[in-house]
Amino acid sequence: MTTATTVRTAARVVDAVKVYGRGDTEVRALDGVSVDFPVGRFTAIMGPSGSGKSTLMHCAAGLDTLTSGAAVIGDTELGSLDDRRLTLLRRDRVGFVFQAFNLVPTLTVAENITLPLDLAGGRGDPEWIDALIDVVGLRDRLHHRPTQLSGGQQQRVAVARAFAGRPDVVFADEPTGNLDSRSGDEVLGLLGRTVRQTARTVVMVTHDPVAAAHADEVVFLADGRLVDRMESPTADKVLDRMKAFEVPS
Amino acid sequence: MNAAVRLSVSSLRAHKRRFAGTFFAVFLGVAFLAGTLVMGDTLRASFDSMFGSATSGTDAVVRSADAITTPGDSQGVRQPVRTDLVSTLQDVPGVAAAAPDIEGAGQLVGKNGKPVGGQGPPTLAGNWITDSELNPYQLAEGRAPQKSGEVVVNRGAAKKGDLKIGDTTTLRTPDPVKVTVVGLATFGGEDGMAQVTFTGMTRADAEKYLTARPGEAASIKVRAGPGVGEKELVDRLTPVLPKGVEAITGQESAEENTDMISSQFLSIFTTFLLVFSGIALLVATFSIHNTFAIVVAQRTRENALLRALGASRRQVTATTLVEATVVAVAASAAGLAGGIGIAAGLQTLFPAIGFPFPDGNLVISVLSMVLPLAVGIVVCLGSALLPAARAGRTAPLAALRETAVDTSGASRTRAVTGMGLAALAVATTLTGVLVSPSIWLAAFGAVLALAAFVVLGPVASTSAVRILGGPLDRLRGVTGGLARRNALRSPKRTAATASALMIGVAVVSLFTVFGASLKATMDQTVSRSFAGDVAVSTPSFGAGGSGLSPRLAGAIQQIPEVDTAVGLGRGVAKVDGEGRALTVTDPIALERTFDLGKVDGSLRGLGTDGIAITRSEADKQHLTTGERARLTFTDGRTQTFTVRAVYGRSELAGDYVITRAAWAPHRTQDADSLIAVSFKDGVSTDAGKAAVQKVADRYGNPEVQTRDDYAQSSAGGIDMMLTLVYALLALAVLIALLGIANTLTLAVHERTRELGLLRAVGQTRSQLRAMVRWESVLVAAFGTVGGLGLGAFLGWVLVKASDGASDSAFAFAIPPVQLVIVALVGLAAGALAGLRPARRAARLDVLRAIATE
């Protein structure tokens with residue numbers, strides 16, 4: 001990366017430290033992690049259970065606060081924001097896809113998709129949302145309730161919702177964790193396509209090498225530290241790298 | 001420990017908060033009930049000891065044996081006894097002293113020119129009995145009256161009127177008498193006999209102002225000499241008494257007095273309070289049922305797991321029931337303690353607000369301990385019964401299902417049953433109201449209507465919330481929309497929560513509508529029957545006040561502006577054996593200032609042996625013009641009257657009219673209750689009113705009112721009643737609101753994940769709070785609207801049923817302003833109930849909420 005000016009970051013953390021508990025029960029979930037998530041890229045965060053990957057995502061997305069260090073979205077430092085501003089930032093500039101319970105059961109598919117926009121009181125960009133609905137392929141389901149959809153369809157609605165407000169960055173936390181492999185592939189393909197076709201940024205936490213292979217880059221976490229990065233991953237390469245963690249280094 | 005018990009105890013410990021609402025609902029209801037019972041018993045005992053100690057010096061009371069009781073008056077009017085009997089009695093061996101007791105109405109005018117008392121309890125005047133043991137009042141300060149115009153006043157009345165020894169004021173007997181206060185008296189150590197005011201005069205004054213003829217007294221009090229018992233004294237007195245006069249023991253007299261207070265005031269008071277604690281407990285039933293239903297629904301997985309692990313249906317049901325029992329017993333016991341505390345608090349509070357609550361310990365009978373406890377436990381367990389049975393029916397497979405939220409809606413059976421009930425209710429009430437008027441049929445219909453509302457609640461809640469919440473989408477955007485849909489989620493739950501408030505609001509609206517209708521009825525009565533321009537009356541209520549001087553009407557008649565002034569006095573007599581109230585007046589003038597409807601015969605020339613009767617009474621007694629009726633008066637004399645006229649409207653004029661001349665030989669202490677005045681043509685109301693007021697000033701300053709003012713002040717008691725009812729219903733509404741808050745708290749708990757998601761995707765805390773609050777308002781709105789509708793309907797039923805059951809015509813009126821206020825209070829209360837759940841929801845930790853497992 002010789003020309004630093006050409007690569008803008010959508011989100012980054014610098015020297016991120018997150019400590020839970022105190023004294024004997026102290027757990028350092030993040031122990032000095034610095035990582036950039038460049039604009040227009042699909043980045044996967046991988047690591048074994050307890051490596052701190054979910055904590056990293058929560059802190060980077062403004063759902064949780066760091067013990068020390070900085071989390072930045074665009075050029076806004078999250079540590080300086082109070083709960084209200086943080087909420088507004090999440091609403092306007094961040095999208096989320098969780099593993100389950102992504103949708104509000106009382107709202108229709110269409111209403112779920114525009115929920116962040118409705119909460120902001122704006123109309124959003126109707127053409128963009130229209131296009132999104134086609135991308136996720138749910139036009140015939142717009143007036144259904146979430147309970148009438150399959151798990152894969154629900155996650156696709158979540159993806160559409162995450163992108164609806166053209167956020168700076170979309171965070172996905174094990175988005176395929178509850179899906180069978182075919183539905184999972186569809187959702188991951190959808191995330192990848194959206195990033196590439198519309199120059200959006202996605203950060204995805206996963207422990208599944210096959211899911212990670214859909215990303216442009218994988219960052220590896222272990223014991224709260226950043227241990228490796230891998231460009232253009234494949235499932236096999238990621239699996240090999242993961243196996244290396246099992247061997248004491 | 002039994003497994004079911006162990007499970008429920010650990011579950012109670014883990015979910016203390018869930019049961020806080022249930023606990024408070026039972027607690028408040030039971031406390032109200034226990035407080036009422038204890039206070040009633042305590043008051044009764046206090047009055048008992050008060051009368052006992054006040055009459056302890058009186059061993060026998062001699063009075064006329066026969067009392068004439070008119071409908072609606074429990075005490076009756078007795079013929080006086082001759083005071084010359086006193087000397088005969090004094091000669092009976094064993095009699096230490098005997099004194100006449102002259103009693104009448106006498107209202108003091110306070111230092112500020114306003115009458116003292118008169119709003120309920122009697123305002124009495126009498127002779128000051130010089131034998132201190134026979135006199136129920138004791139001289140506390142100053143001296144006894146010695147010459148004409150001197151009086152002793154009970155200390156409570158003196159305080160209220162700001163009168164001191166040496167002050168000169170007016171006593172309305174009702175003729176104004178100038179009196180000087182020379183002494184202050186106490187009654188059984190208190191400032192007075194509750195709120196009753198008493199003015200003691202010399203015997204000569206009392207005879208002059210309070211009796212129709214000198215030498216008469218209401219009764220004679222007798223004290224026994226040493227060694228003579230009360231019973232023995234009565235036995236000795238009886239032989240010397242003339243025919244129609246009896247002697248009773250002092251104890252019997254005290255008991256009669258206590259019974260009179262009990263039946264007139266205490267039982268009405270306690271029954272009234274018991275009805276409202278019943279309403280509070282009914283409302284509590286809904287809240288409690290709802291809490292248990294939600295808790296059971298939320299615990300479906302847990303119960304299913306227990307069933308899968310081999311717990312029997314019965315064990316699972318028992319677990320819930322044991323929980324309910326623990327809450328019921330704890331809350332009822334606490335409520336009982338609270339109720340006793342309330343009674344104790346009122347006992348200290350009453351004297352502080354000027355109501356001399358007689359001294360004495362709290363009386364806590366076994367009944368007032370057992371009944372509230374039993375009712376509390378039955379209500380709580382009864383409400384938990386269905387949910388517990390449902391818990392037992394949980395299928396083991398439910399453990400594997402995703403969500404465990406009760407989303408069951410309105411079933412067809414429910415809709416059909418509800419509609420059937422509603423139809424039956426309407427049919428029954430309409431029959432009871434319109435076809436064959438019967439209060440019981442109407443009341444049964446009202447109960448059916450309530451049941452129909454409760455059954456139909458879940459069916460109606462969906463469309464009702466959709467309509468009521470319609471504007472929310474537009475006004476409050478997605479926050480409002482979410483609130484509306486949350487309220488729609490579980491129609492059963494929404495309906496049950498709202499039902500509690502609905503009952504409270506329905507009773508409030510029922511009384512509001514009924515009160516307004518009574519006022520409208522008064523208005524209608526006055527405007528229909530009262531043809532005069534101004535009315536002179538003494539604003540009083542209940543047994544208080546002393547009425548108007550019978551000479552005032554004559555004085556007003558002399559004013560040049562006045563065309564006719566007619567005074568209406570009251571008398572009693574037995575008409576063909578039954579006690580009836582008579583209107584004593586000038587019938588010719590009466591016809592000019594009152595609209596009596598259609599008159600058969602003529603009111604002219606009633607003379608001293610003619611009587612006019614309303615049509616309804618005439619029909620009942622099978623009398624027509626020209627026929628004879630036998631009237632027996634309080635002096636024991638019987639006279640035959642000829643019916644000279646039958647008139648249509650009794651509203652203000654009363655059922656029986658005789659002339660003053662006919663009444664004069666039988667009169668007691670005379671007073672007019674109302675003087676109707678019509679002016680000559682061309683005299684303005686203001687000018688005429690001023691002229692009448694000037695004359696009235698000389699007769700104890702009664703109030704001169706225009707027709708409208710008179711109609712309004714006639715309805716003054718209704719407002720007082722309504723205020724009391726509202727205060728009592730506040731408790732039921734409070735319980736309903738606790739129910740709403742509790743349901744919402746449980747719902748928030750249930751929706752933790754969803755709320756977390758909303759927060760994650762950008763719902764601000766204030767939006768989240770607003771969402772919960774609006775849901776609360778919507779549920780409250782449903783309850784309020786339902787309650788208003790039901791209350792207005794029941795109000796109409798009550799008015800129509802009263803109309804059918806009584807002779808006078810009732811008007812039905814819906815007071816829009818008051819009902820709008822009720823609606824607004826309901827909505828505001830809903831918002832208030834949502835505050836705490838909303839705050840708790842907003843405090844939710846986003847991460848915890850969305851954490852996957």
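I'll start with helix α24 of chain B, residues 816–842, in what is a predicted model. α24(B) has 27 residues and spans 38 Å from its first C-alpha to its last, close to the 39 Å expected at 1.5 Å a residue. There is a kink of about 35° in α24(B), at L835(B), shortly before the proline P837(B). P837(B) is also one of the buried residues of this helix.

Next, a helix pair in chain B. Helix α14, residues 491–529, packs against helix α21, residues 716–750, at an angle of about 170°, with the axes 9 Å apart. Angles over 145 degrees count as roughly antiparallel, so that is how α14(B) and α21(B) run relative to each other. On the α14(B) side, the contact includes R493(B), L501(B), V508(B), F511(B) and K519(B). On the α21(B) side, Y726(B), L729(B), I735(B) and I740(B) are among the residues involved. By class, the residues of this contact are 16 nonpolar, 5 polar and 2 charged.

Last, the contact between the chains. Chain A puts in 24 residues and chain B 22. Which elements give two or more residues to the side of chain A that touches chain B? They are α2, 83–93, and α4, 115–120, of chain A. Of the elements on that side, α2(A) gives the most, with 6 residues. The side of chain A that touches chain B divides into 12 nonpolar, 6 polar and 6 charged residues.

Note on methods
Residues numbered from 1 in each chain as written. Chains lettered and ligands numbered in written order. Predicted model: local features only at pLDDT ≥ 70, side-chain atom pairs only at ≥ 80, totals over all residues. Axes fitted to C-alpha atoms, helices over the stretch in contact; angles between N-to-C directions. Helix = DSSP H or I, 4+ residues; strand = E, 2+ residues; numbered from the N terminus. Parallel < 35°, antiparallel > 145°, perpendicular 65-115°, else oblique. Contact = placed C-beta atoms within 7 Å. Nonpolar A, V, L, I, M, F, W, Y, C, P; charged D, E, K, R; others polar. Expected span 1.5 Å × (residues − 1). Bend = angle between axes of the 7 residues up to and from the residue. Buried ≥ 20, exposed ≤ 12 C-beta atoms within 10 Å, placed from the backbone.
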